[in-house]
Amino acid sequence: MKKLRVESGKKVNLAKIDANASPDYDGDKKEGKEELLRLNEKLEALQELLYAEHKHKVLVVLQAMDTGGKDGVIRHVFEGVNPQGVRVASFKVPTAEELDHDYLWRVHKQVPGKGEIVIFNRSHYEDVLVVRVHKLVSQKVWSRRFEQINRFERMLAEEGVTILKFFLHIDKEEQKARLQARLDEPEKLWKFKPGDLKERDLWDQYTQAYEDVLNKTSTPWAPWYVIPANKKWYRNLAIARIMIETLENLKMEFPRPDFDPKTIEIV
Ligand code: ADP
């Protein structure tokens, strides 16, 4: 899965990354789905260990163009994990109180504590994406945020947070098909907002903004992964694999009791 990782300082050109591809996986859709079920169980066990050990903190950042599949990842990759140890934080249009503070204020409050996995459904990256594309602050203000974000994430990492950032990469054709499906299927219609089409018109500006994010904020302590996401099954599989690899590397252990269980008799 190393291929999907954006090496620090490397220039990313999204047009050159095939959103239909399935790198490092030879199986087909059916096999991929079966593999995901096995990985779900592995992830569940690792999350249990993370919770029990109460040492590490894990932050998963999900970003994508509209219809990119953030909700699908949350549903399918984290299926089965114990809700006690996993939390989703969604970042919407900031409230008046949030706007009165610095842009990291609402974000910092949501970072994971020991033993916890927190999934950011959108994140502080909106403050260099939608905010930039819609000119909600000046270039002077947003352009210095890349460095601020790197320093913020570095501080979190130094304080024991393992950070994984996923950009779900779909192409414009795929977005068209997904928007159309929302219009066509009654049970998907609730997801369609006419405003999504205005955002779609800004596809190129968002692409530019995302490339800057990937180029400037993929760091050794908080790497970005670009996940080809036209194929939903591959997207889920790739993220599950990266999550498992990362959690295994933490070399976690169940806490040792400070008593000998053999000496205890329950009457
Ligand atoms: P989602 O698309 O994630 O499922 P919504 O449809 O509620 O959820 O969209 C959330 C909206 O909030 C998005 O349009 C996003 O651009 C916007 N948003 C998030 N963070 C900010 C921010 N810091 N400034 C302005 N808009 C933001």
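Trainee: Is Asp 127 buried or exposed?
Mentor: Buried: its relative accessibility is 9%. Keep in mind that this is a predicted model.

Trainee: Which residue does Asp 127 meet in a salt bridge?
Mentor: Arg 145, with 3.9 Å from N to O. Asp 127 sits in the loop between strand 3 and helix 5, and Arg 145 is in helix 7 (residues 145-158), so the pair ties together parts that are 18 residues apart in sequence. Arg 145 counts as buried too, at 9% relative accessibility.

Trainee: OK, switching to the ligand. How many residues surround it?
Mentor: There are 14, and Asp 127 is among the closest, along with Lys 70, Lys 92, Arg 122 and Lys 193. The shell divides into seven charged, six nonpolar and one polar.

Trainee: What does Asp 127 have within reach there?
Mentor: An N or O atom in the Asp 127 side chain is 3.1 Å from a nitrogen atom of the ligand. As for Arg 122, one of its polar side-chain atoms lies 2.6 Å from a ligand oxygen.

Trainee: And which residue forms a salt bridge with Arg 122?
Mentor: Asp 66 does, the closest N and O atoms being 3.2 Å apart. That pair links distant parts of the chain, 56 residues apart.

Trainee: Last one: where does Glu 116 lie?
Mentor: In the loop between helix 4 (105-108) and strand 3 (117-121). Glu 116 forms a salt bridge with Arg 87, the closest N and O atoms being 2.9 Å apart. Arg 87 is in strand 2 (residues 86-90), so this pair ties together parts 29 residues apart in sequence.

Conventions: Residues numbered from 1 in each chain as written. Predicted model: local features only at pLDDT ≥ 70, side-chain atom pairs only at ≥ 80, totals over all residues. Heavy atoms only, no water. Helix = DSSP H or I, 4+ residues; strand = E, 2+ residues; numbered from the N terminus. Near = heavy atom within 4 Å. Polar contact = N/O pair within 3.5 Å; in protein donor to acceptor, adjacent residues only side chain to side chain. Nonpolar A, V, L, I, M, F, W, Y, C, P; charged D, E, K, R; others polar. Salt bridge = Lys/Arg side-chain N within 4 Å of Asp/Glu carboxyl O. Buried < 20%, exposed > 50% of the residue type's maximum accessible area, 1.4 Å probe, protein only.
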